[in-house]
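This briefing concerns the structure displayed below. The points that follow are grouped by topic and are to be read alongside it.

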Amino acid sequence: MNDDIERRLEAWGSASAPDPDPAFSARLEADLRSQAYFGSGSQAPDPSPRRQVFRPAVLVFSSIVLLVGALVFLRDSTSAEVIMSAASGTEVTLPDDTVVTGTAGLALPDGSQISVDAAGSAVVDGVVLGGGTRAQVTNGQLEVLLTRPTAVPLPQPPDRAKTRPTVGPTATPEPTPTTPPVPNPQPQPTPVSTATPPPPPEPERTVAPEPTPTAAHDRDRPTRTPTTRPMATPGEVESVTVSLSIEALGEERALLTWSVSTDTFVAGWEIIVTSGDRSRAIAVLHDPTVRELQVERLENPNATYAVRASASGGAVLGQSNGVRFPLAD
Amino acid sequence: MTQDDPHPAVDERELVEQARVDIDAFAELYRRYLPRIHAFAWRRTGSTEAAEDVCSATFEAAFRSIDSYQWRKGGIGPWLFRIAGNQTVAHYRREGRPATARGQAAIAHLSERTDQGDLSEMLAEAVPDYEISNLRSALDKLSPRYQQAIALRYLADLDPAEAARAMGLAKPALAVVLSRALKALRRELDRLSEATTMGGDPQ
């Protein structure tokens with residue numbers, strides 16, 4: 001009886017299929033190359049051949065780093081495991097390619113990819129991921145790869161809801177696909193001092209650029225457009241001033257909003273939480289146009305948030321002042 | 001392989017090793033496999049946009065995890081198809097599909113008339129549209145594992161051994177899974193047929 005079905009399936013499988021659109025092929029290849037050059041923080045191939053030459057040395061060094069890291073981890077009572085604390089309309093692709101529905105309490109090992117539906121939301125490691133966000137976990141750290149201009153539903157006191165200008169992540173512009181980056185990138189900028197700049201002026205709500213929201217028909221297109229930033233040569237590196245403000249969105253959530261003096265060489269952001277004498281990045285944002293992020297209240301009320309601007313290659317361009325989670329009204 | 005292949009004499013195993021450290025080598029693998037992965041995703045979804053979504057997700061996932069890929073007889077193809085199969089299932093979960101055969105037929109009809117004017121012609125060579133639509137509807141209702149087995153065996157242009165590798169199974173085990181999957185598909189097709197005869201939606 002299955003013979004008939006097999007015949008039909010074979011006919012279906014032998015039906016000629018269209019070739020991929022050349023524009024799509026080129027765009028995806030450019031995207032993959034941009035991940036390699038600008039670093040998604042993943043296991044991306046390293047364009048530098050030095051990685052092969054010094055592999056034994058790298059292994060020894062990595063072992064030492066791992067050992068030290070493990071000792072630090074054991075000393076620290078807080079777990080480095082990344083946990084999804086809330087989710088709706090979220091799918092997680094685990095490192096073995098198993099796809100599971102995002103649920104509260106789900107542990108996210110390195111390599112996990114998080115995909116939030118347009119109408120969904122999730123909270124990972126205290127960071128609120130709005131609808132359409134794509135993120136992954138790398139080295140125990142959340143990396144936000146793609147954000148969408150979708151408001152995250154929030155329980156808000158009525159009076160605050162009236163006074164807040166907008167809610168939700170800043171829209172990600174979708175520029176025209178660019179040509180692949182130059183195969184041999186110029187030398188990376190030298191890291192500069194991360195000294196905290198002076199306290200910022202009263203935060204302005206207009207500091208974030210307001211890109212045109214993505215058209216609805218682009219919503220489903222997962223290919224993220226490569227964010228090509230100028231590659232700074234060492235002489236060109238300039239530190240930037242990042243100003244950060246925080247606003248309560250309720251008892252448990254707050255909105256971080258930041259501005260930067262110049263974003264010419266900014267390739268992304270790190271959201272740093274400092275608790276006592278320890279700092280860690282709770283999220284890495286690979287979109288230099290993003291200027292806000294929702295976060296959940298931290299366990300330690302004295303912990304502070306800061307935003308660090310990074311150049312392509314990871315050099316730190318500047319770090320904001322630290323701000324505490326505000327008291328709700 | 002294309003005419004302007006920068007690694008014409010490099011066999012696939014060597015290329016995979018290079019791809020772990022060299023984006024150009026990975027790009028070459030990408031160019032080699034994109035047409036096949038795209039064809040697979042297109043047949044499975046019937047939509048150019050969905051096929052592109054699946055291709056993007058597949059190669060991004062492959063790019064992220066190629067360091068952990070272990071070379072096996074049969075090459076990297078089955079591994080890529082396995083990822084593509086998972087991403088296809090994930091795509092359906094994420095996007096949802098019209099729940100009824102009639103809904104899917106309507107979508108197929110619309111897509112033929114709009115962005116894929118050549119769809120009907122291409123499919124008509126082998127199998128009528130309504131059969132594709134019915135098969136796809138029935139396949140969507142199977143468990144992800146059965147969907148994977150059938151899609152990889154029949155829609156991915158893989159031979160039985162390659163399909164088994166893509167599923168992470170031995171050939172005899174795949175045969176067992178396929179047999180069950182085909183029976184389940186038959187049941188779903190019968191349900192669809194009954195529902196259509198009665199004029200209702202097969203839910």
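What is the handedness of the crossing of H2(B) and H8(B)? In this predicted model, the crossing of these two helices is right-handed. The residues forming that contact are Phe40(B), Arg43(B) and Arg44(B) on H2(B), together with Gln147(B), Ala151(B), Leu152(B) and Leu155(B) on H8(B).

**Overall composition of the chains**

- Chain A contains five helices and 15 strands, whereas chain B contains 10 helices and zero strands.
- Read along its sequence, chain B has the pattern α-α-α-α-α-α-α-α-α-α.
- In chain A, 48% of the 329 residues are buried; in chain B, 56% of the 203 residues are buried.
- For contacts in chain A between residues at least 6 apart in sequence, 62% link residues at least 24 apart.
- In chain B, 65% of the contacts with a separation of 6 or more are between residues 24 or more positions apart.
- Chain A has an accessible surface of about 15,900 Å², with 57% belonging to carbon and sulfur atoms.
- Chain B exposes about 8,700 Å², and carbon and sulfur atoms supply 51% of this area.

**Packing of H2(B) against H8(B)**

- Two packed helices are described by the angle between their axes and the distance between the axes.
- Helix H2 of chain B spans residues 23–45 and helix H8 of chain B spans residues 144–155; their axes come within 10 Å and cross at roughly 120°.
- H2(B) and H8(B) are therefore oblique to each other.
- By class, the residues of the contact of H2(B) with H8(B) comprise four nonpolar, one polar and two charged.

**Packing of H8(B) against H9(B)**

- The axes of H8(B) and H9(B) come within 9 Å, with a crossing angle of roughly 145°.
- The crossing of H8(B) with H9(B) is right-handed.
- H8(B) contributes Arg145(B), Gln148(B), Ala149(B), Leu152(B) and Arg153(B) to this contact, and H9(B) contributes Pro160(B), Ala163(B), Ala166(B) and Met167(B).
- The residues of the contact of H8(B) with H9(B) are six nonpolar, one polar and two charged.
- Leu152(B) is named both in the contact of H8(B) with H2(B) and in the contact of H8(B) with H9(B).

**Burial of H8(B)**

- Nine of the 12 residues of H8(B) are buried, so this helix is largely enclosed by the rest of the structure.
- The buried residues of H8(B) are Gln147(B), Gln148(B), Ala149(B), Ile150(B), Ala151(B), Leu152(B), Arg153(B), Tyr154(B) and Leu155(B).

**Residues with positive phi**

- Most residues other than glycine have a negative phi.
- Asp157(B), which is not a glycine, has a positive phi of about 60°.
- Asp157(B) follows H8(B) and lies in the loop between H8 and helix H9 (160–167) of chain B.
- Is Asp157(B) buried or exposed? Asp157(B) counts as exposed, because its relative accessibility is 58%, and the cut-off for exposed is over 50%.
- In chain A, Asp125(A) likewise has a positive phi, of about 55°, although it is not a glycine.
- Asp125(A) is located in the loop between strand S4 (113–124) and strand S5 (127–129) of chain A.
- Asp125(A) counts as buried, because its relative accessibility is 17%, and the cut-off for buried is under 20%.

Terms used: Residues are numbered from 1 along each chain as its sequence is written. Chains are lettered from A and ligands numbered from 1 in the order in which they are written. This is a predicted model: local features need pLDDT of at least 70, side-chain atom pairs count only at pLDDT 80 or more; totals for chains, interfaces and linings use all residues. Side-chain values use heavy atoms; hydrogens and water are left out. Helices (H or I, at least four residues) and strands (E, at least two) are DSSP runs, numbered from the N terminus. Buried means under 20% relative accessible area, exposed over 50%, partly exposed in between (1.4 Å probe, protein chains only). Contact means heavy atoms within 4.5 Å. Accessible areas come from the Shrake-Rupley method with a 1.4 Å probe; for residues, only the protein chains shown count as cover. Axes are lines fitted to C-alpha atoms, for helices over the stretch in contact, and angles run from 0 to 180 degrees between N-to-C directions. Angles under 35 degrees count as roughly parallel, over 145 as roughly antiparallel, 65 to 115 as roughly perpendicular and the rest as oblique. A crossing is left-handed if the near helix is turned anticlockwise from the far one by less than a right angle, and right-handed if clockwise. Ala, Val, Leu, Ile, Met, Phe, Trp, Tyr, Cys and Pro count as nonpolar, Asp, Glu, Lys and Arg as charged, and the others, Gly among them, as polar.
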